[in-house]
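Me: I have this model open and want to walk through it with you. Can we start with the ligand site, then move on to the charged pairs?

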Amino acid sequence: MDYNWKVMYKLSDFQAAAEMIRGRTNFRPKIGLVLGSGLSSLADTIPNPDIIDYADIPNWPRSTVEGHSGRLVVGELEGQSVLIMQGRVHTYEGYSAHDVTFPIRVMKLLGIETVILTNAAGGLNPAFHVGDLMLITDHINWVGMAGLNPLKGENDANFGVRFPDMTFAYDRDLQKLARKVAREEGVDLREGVYTWLSGPNFETPAEIRMLYRLGSDAVGMSTVPSVVVARHAGMRVLGISTITNVAPHHPSPDHETTHDEVIETGKIVVPKLITLLRGILRQF
Ligand code: HPA
């Protein structure tokens, strides 16, 4: 790990990882799917997948957190070739924003055009309940605004422009498709703005009130840097949060947010998420 932002990955680092992956599977997926904390079981439903451990892929960052496995699952789901990341790394593990987004650029080199990102998030919007799914319509890149943007440093024009637009970070057609599938499948789908904080601590009530007043509906420790790097590289993005806990706007002596709660709720919400994602892939 190198914390010096001037030391970045070179094109050849991404290429080495992409070549290794290409050599291990005959699938040529156009869709990448990132499964967040506690959500990785969707990948287990793929028949006869090619499985690649993160540890075997050159330069690929490895997760250290319980609830995040560390492997790529490549195969067919609902008639689509997909490359699934079962687990991701986070900046709170000590990784840089460049490390955590390394896989997104590898996906780009593999020919992936659409990235579907899922995560566990704390609900800030008081209308949200534990176990809800939230379509991400926009984000607040809090960590990036504080100077830890994954695009910081010399721009790599192999991937995109110096100053990428983020007006439609989350693809409008994919949002429409997600709403349509949710309606058809009877899945209740909330919508809102996701804020990226570095963690690893959960937020104080004052931070929660602040974020909600600033227009954020859910908060988490991932996804946004991947979206920024994917959009920089011209990939389409769909983001779905699972509301694994309701962030308390006011301190309460009998409420505590724990990682176990996040993982346990993740498991409960997985069937709903699988229904939604399978429907989206079917109609892709
Ligand atoms: N805050 C930050 N990240 C999270 C939360 C939360 O409440 N729940 C799941 N990830």
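Reply: One term to begin with: a residue is near a molecule or strand if one of its heavy atoms lies within 4 Å of it. This is a predicted model, where local features need pLDDT of at least 70 and side-chain atom pairs count only at pLDDT 80 or more, while totals for chains, interfaces and linings use all residues. Residues are numbered from 1 along each chain as its sequence is written, and side-chain values use heavy atoms, with hydrogens and water left out.

Me: Which residues are around the ligand?
Reply: Ala120, Ala121, Gly122, Phe202, Glu203, Val219, Gly220, Met221, Thr244, Asn245 and Val262.

Me: How do those divide into nonpolar, polar and charged?
Reply: Six are nonpolar, four polar and one charged. Here Ala, Val, Leu, Ile, Met, Phe, Trp, Tyr, Cys and Pro count as nonpolar, Asp, Glu, Lys and Arg as charged, and the others, Gly among them, as polar.

Me: What lies 3.3 Å from a nitrogen atom of the ligand?
Reply: A backbone N or O atom of Ala120 does. A backbone N or O atom of Gly122 also lies 3.3 Å from a ligand nitrogen. In the side chain of Asn245, an N or O atom is 2.6 Å from a nitrogen atom of the ligand. The cut-off for a polar contact is a pair of N or O atoms within 3.5 Å; within protein, one must be able to donate a hydrogen and the other to accept it, and residues adjacent in sequence count only if both atoms are side-chain atoms.

Me: How much of the ligand's accessible area does the protein cover?
Reply: 95% of the 260 Å² that the ligand has on its own. Such areas come from the Shrake-Rupley method with a 1.4 Å probe; for residues, only the protein chains shown count as cover.

Me: Which elements give two or more residues to the shell?
Reply: β5 (114-123), β8 (218-220) and β9 (236-246). The largest share, three residues, comes from β5. Helices (H or I, at least four residues) and strands (E, at least two) are DSSP runs, numbered from the N terminus.

Me: Switching to charges. How many salt bridges are there in the whole structure?
Reply: A search finds nine. Each is a side-chain nitrogen of Lys or Arg within 4 Å of a carboxyl oxygen of Asp or Glu.

Me: What does Glu78 pair with?
Reply: Arg278, with the closest N and O atoms 2.7 Å apart. The pair links distant parts of the chain, 200 residues apart: Glu78 is in the loop between β3 (71-77) and β4 (80-86), and Arg278 is in helix α8 (residues 259-282).

Me: Is Glu78 buried, exposed or in between, and why? What is its relative accessibility?
Reply: Glu78 counts as partly exposed because its relative accessibility is 26%. Buried means under 20% relative accessible area, exposed over 50%, partly exposed in between (1.4 Å probe, protein chains only).

Me: And Arg282, which residue is its partner?
Reply: Glu185, with the closest N and O atoms 3.4 Å apart. Glu78, Glu185, Arg278 and Arg282 are linked in a network of salt bridges.

Me: What about Asp132, buried or exposed?
Reply: Buried, at 7% relative accessibility. Asp132 forms a salt bridge with Arg190, the closest N and O atoms being 3.1 Å apart. That pair also links distant parts of the chain, with Asp132 in the loop between β5 and β6 (133-140) and Arg190 in strand β7 (residues 189-196), 58 residues apart.

Me: Where is Thr223, and what is its phi?
Reply: Thr223 is in the loop between β8 and α7 (224-232). Its phi is near 70°, a positive value in a residue other than glycine. Thr223 counts as buried, at 1% relative accessibility.

Me: And phi of Asn48?
Reply: Near 45°, again positive in a residue other than glycine. Asn48 lies in the loop between β1 (31-35) and β2 (50-53). Asn48 counts as exposed, at 71% relative accessibility.
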